[in-house]
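Good morning, everyone. Please look at the structure on the screen while I talk you through it.

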Amino acid sequence: MTMLDVQDIHVHYGAIHALKGVSLKVEAGTIVTLIGANGAGKSTTLRALSGLLPLSTGAIDFIGQSIGGRPVHKIVRDGLCHCPEGRKVFPQLTVKANLELGAYIRHDKTGIKSDLEQIYQLFPRLKERLSQAAGTLSGGEQQMLAIGRSLMGRPRLLMLDEPSLGIAPLLVQEIFRTIKKINAEQKMTILLVEQNAHMALKIADHGYVLETGKVVLSGKASDLAADPRIKAAYLGH
Amino acid sequence: MSEFLQFLINGLAVGSMYALIALGYTMVYGIIQLINFAHGEFMMMGAFVGAFTLNRLQGTPLAVALVISMLAAGLLAVLVELVAYRPLRRQPKIFVLTAAIAVSVLLQNLGRIVFGSSAVSFPAQFPQGSIGLESLGVWVEYSQLFVLGLSLVLMAALWLIVHKTKIGAAMRATSQDIDAARLMGINTNLVISFTFFIGASLAGAVGVFYGMQYSVDPLMGVQPGLAAFVAAVLGGIGSLPGAMIGGLLIGIIENLVAGYLSSTYQGAITFVLLILVLSIKPTGLLGRMAPVKV
């Protein structure tokens with residue numbers, strides 16, 4: 001089943017034409033990655049999908065419903081969750097309060113409680129820091145919190161924006177392993193934006209390569225990883 | 001000593017009113033980084049609605065009039081935000097700040113047209129009088145006791161809303177990172193409206209408190225509005241406990257200056273304090289060193 005179907009979306013920042021017709025599909029249960037250089041439009045794509053940026057033209061279908069132009073808070077309720085670039089945890093709130101805000105749209109108290117336990121299992125470091133202000137966590141821990149917070153909303157599709165950005169290499173490994181685990185164990189569909197193409201293609205099923213606001217290449221992640229053009233441009237071979 | 005205590009009590013009574021107004025300034029600033037210069041006018045509107053309810057609908061209990069005033073001031077603020085501030089939200093901050101000054105002048109003159117420019121009084125609500133604490137040699141007026149007590153109740157209620165309810169959690173999230181809050185599924189427009197409503201309803205309550213002690217006129221919101229603004233800055237703009245402490249301090253300092261120096265300097269001291277705070281510790285007593293957001 002196609003969960004997310006993005007058709008030829010254009011986005012402008014004032015006079016800058018940031019997205020020049022991006023189309024992509026995300027099948028249920030898969031990890032799809034969007035790779036590309038800085039400024040290629042990866043984050044812009046996610047911000048447009050979650051409604052933070054208005055579309056100039058184009059269409060977005062999510063689980064058979066058109067969500068282009070819907071307000072952000074309604075798109076979240078539709079089940080499309082965006083874990084933003086730079087983590088964006090609430091710095092003065094505790095780790096626990098951050099996680100609870102992730103479940104803001106839910107009302108099933110017992111479900112929220114059991115999901116909290118699940119997050120603690122996924123990220124044991126968070127459990128040790130529950131009553132600490134989120135701003136005092138390390139970058140890697142904040143990233144774990146941001147992912148955990150997103151999961152608390154029980155999304156149908158999780159969009160992760162640069163989870164490896166500014167994080168110690170050892171933690172990057174751990175975070176990517178966890179992303180794969182969330183996909184495998186919870187059957188979570190994931191759209192992953194990454195500059196670290198090597199890591200992203202390793203865990204993804206499918207990939208899209210973005211250059212200056214356009215998709216220039218797409219295919220199975222393993223094929224992309226083997227593609228000499230990708231190797232030269234993004235994998236540093 | 002008893003003189004000092006008396007000034008302190010008078011200061012606390014006025015200061016608790018400044019604190020309630022300052023809370024509205026600081027809440028709105030915390031959430032959209034706007035100094036809402038029309039905030040004092042919400043207090044004036046609350047006072048007039050209170051005067052109208054008590055004078056025209058005789059027999060209305062004070063508690064009912066207080067609630068009506070709070071609702072009226074709150075709804076007016078929601079309307080002001082919707083009509084004058086929201087359309088400017090994506091513009092540079094100076095636009096909406098200018099709009100706030102315009103709304104302030106507009107409401108003052110609207111008050112003059114609707115209620116007339118002459119002062120109005122509340123009907124006597126309390127048995128006039130005071131409680132004497134003989135051993136200390138100080139007097140507490142009934143109205144002061146009432147204002148102090150209710151102010152504490154309102155501040156406690158606000159604390160409960162902000163820290164123990166879902167909308168309160170949404171307010172705190174929105175004030176720290178509005179985009180992240182939207183990504184949690186929070187309707188931040190609603191949260192902003194709610195913040196204006198709560199802040200202005202506190203100012204509306206102060207309007208009634210003022211009306212009980214002084215007379216009511218269209219420009220009455222200016223002085224307490226400015227004093228409360230300074231209180232919010234002194235406490236650290238964006239900080240709720242800061243607004244409370246700042247309000248009480250300004251009230252006390254004003255009364256000490258009026259008592260020991262001269263009441264001529266009562267208004268001036270507020271602004272001397274503002275200049276001192278801004279030059280020595282711009283983040284205020286409890287403000288954080290956050291360059292953009294609080």
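**Two chains and where they meet**

A:Asp8 is partly exposed, with a relative accessible area of 42%. Some cut-offs here: buried means under 20% relative accessible area, exposed over 50%, and partly exposed in between, with a 1.4 Å probe and protein chains only.

Before I go on, some ground rules. This is a predicted model: local features need pLDDT of at least 70, side-chain atom pairs count only at pLDDT 80 or more, and totals for chains, interfaces and linings use all residues. Residues are numbered from 1 along each chain as its sequence is written, chains are lettered from A and ligands numbered from 1 in the order in which they are written, and side-chain values use heavy atoms, with hydrogens and water left out.

Back to A:Asp8. This residue sits in strand S1 of chain A, residues 2-13. Helices (H or I, at least four residues) and strands (E, at least two) are DSSP runs, numbered from the N terminus. A:Asp8 is not a glycine, yet its phi is positive, about 55 degrees.

Now A:Arg87. Its phi is positive too, about 65 degrees, and again this is not a glycine. Look for A:Arg87 in the loop between strand S6 (80-83) and helix H3 (95-102) of chain A. Is A:Arg87 buried or exposed? At 15% relative accessibility, A:Arg87 counts as buried.

Next, the interface. How many residues of chain B are in contact with chain A? There are 18, and they meet 23 residues of chain A. Contact means heavy atoms within 4.5 Å. The area buried between the two chains is about 1,900 Å², and carbon and sulfur atoms give 63% of that. In chain B, the residues that lose the most area to chain A are B:Gln176, B:Leu183 and B:Met184, together 38% of what that side buries. Buried area is the accessible area (1.4 Å probe) that two parts lose on being put together, summed over both.

What about charges? Between chain B and chain A the count is two salt bridges. A salt bridge is a side-chain nitrogen of Lys or Arg within 4 Å of a carboxyl oxygen of Asp or Glu. A:Lys88 forms one with B:Asp177, and the closest N and O atoms are 3.8 Å apart.

Which helices of chain B each supply at least two residues of the side that touches chain A? They are H6 (166-176) and H7 (178-183). The largest share of that side, six residues, comes from H6(B).

Now chain B as a whole. Chain B has 11 helices and two strands. Along the sequence, the pattern reads α-α-α-α-β-β-α-α-α-α-α-α-α. The radius of gyration of chain B is 19 Å, close to the 19 Å that the globule rule gives for 294 residues, so chain B is as compact as a globular protein of that length. That radius is taken over C-alpha atoms, and the globule rule is 2.2 Å times the number of residues to the power 0.38. The C-alpha trace of chain B spans about 60 × 45 × 35 Å along its principal axes. Of the 294 residues of chain B, 52% count as buried.

Last stop: B:Val230, in helix H9 of chain B, residues 222-235. B:Val230 is buried, with a relative accessible area of 1%. Leaving out residues up to four places away in sequence, B:Val230 touches B:Ile250, B:Thr270 and B:Leu274. B:Val230 and B:Phe271 are 41 residues apart in sequence, and 7.4 Å apart in space, C-alpha to C-alpha.
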